[in-house]
Amino acid sequence: QVQLVESGGGLVQPGGSLRLSCAASGSIFSIYGMAWYRQAPGKQRELVASISRSGFTNYEDSVKGRFTISRDNAKKKVDLQMNSLKPEDTGVYYCHTLGTDYWGKGALVTVSS
């Protein structure tokens with residue numbers, strides 16, 4: 001059993017930065033790839049960034065160069081550093097353990113002036 005808890009969401013102005021964190025419980029965190037998804041109002045949930053258990057990363061095209069995903073297996077957490085935020089980055093961001101049904105409850109990010 002894995003539980004995922006996101007933190008760090010909030011309201012930020014365009015061009016600003018936020019850092020999301022996902023804390024995981026359970027002893028098998030290090031064997032899974034992890035990902036951040038987001039769901040904008042009225043849209044489907046989409047993959048934003050992923051990181052393999054060895055640290056290989058992948059990003060959705062619109063966030064390349066602005067977002068950075070990282071993980072700390074010892075602390076059982078995965079972070080998403082978001083810079084140069086745009087209004088279209090607004091949405092609920094979910095932490096997910098790849099290849100499983102484990103999802104966090106989400107953190108709301110609102111980019112608005």
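Residues are numbered from 1 along each chain as its sequence is written, and side-chain values use heavy atoms, with hydrogens and water left out. Because the model is predicted, local features need pLDDT of at least 70 and side-chain atom pairs count only at pLDDT 80 or more, whereas totals for chains, interfaces and linings use all residues.

Secondary structure was assigned from DSSP runs, numbered from the N terminus, with helices (H or I) requiring at least four residues and strands (E) at least two. Two strands are described as paired if DSSP finds at least two bridges between them. On this basis, strand β4 (residues 34-39) pairs with β5 in the antiparallel sense over five bridges. The two strands form a hairpin with six residues between them, and Gly42 in the turn has a positive phi of about 75 degrees. Strand β5 is also joined to β6 by three bridges, again in an antiparallel arrangement. Within this second pairing, Ala49 has Tyr59 of β6 as its bridge partner. The β5-β6 hairpin has five residues between its strands, and its turn includes Gly55, with a positive phi of about 105 degrees.

Ser50 belongs to strand β5 (residues 46-51) and is the bridge partner of Ala35. Relative accessible area is classed as buried under 20%, exposed over 50% and partly exposed in between (1.4 Å probe, protein chains only). Ser50 is counted as buried because its relative accessibility is 13%. Contacts are defined by heavy atoms within 4.5 Å. With residues up to four places away in sequence not counted, Ser50 touches Met34, Ala35, Phe56, Thr57, Asn58, Ile69 and Leu98. A separation of 7.2 Å is found between the C-alpha atoms of Ser50 and Gly33, which are 17 residues apart along the chain.

A further set of antiparallel pairings involves strand β8 (residues 77-82), which is paired with β3 over six bridges. In this pairing, Cys22 stands opposite Val78 of β8. Strands β7 and β8 likewise run antiparallel and are joined by six bridges, with Met82 in β8 as the bridge partner of Phe67. The hairpin of β7 and β8 has four residues between the strands. Lys76 lies in the loop between these two strands and adopts a phi near 55 degrees, a positive value in a residue other than glycine. Lys76 is classed as partly exposed because its relative accessible area is 28%. A positive phi of about 50 degrees is also found for Ser84, although this residue is not a glycine. Ser84 is located in the loop between β8 and β9 and, with a relative accessible area of 39%, is partly exposed.

The structure holds one disulfide, a term applied to a pair of cysteine sulfur atoms within 2.5 Å. The bond joins Cys22 to Cys95, with an S to S distance of 2.1 Å. Distant parts of the chain are linked in this way: Cys22 lies in strand β3 (residues 18-24) and Cys95 in strand β9 (residues 91-97), 73 residues apart. The link is left-handed, with -85 degrees about the S-S bond. Both cysteines, Cys22 and Cys95, are buried.

His96 is also placed in strand β9. The residue is buried, with a relative accessible area of 6%. Excluding residues up to four places away in sequence, the contacts of His96 comprise Leu4, Gly33, Met34, Ala35, Tyr37, Tyr102 and Trp103.

Arg66 occupies the loop between β6 (57-59) and β7 (67-72).
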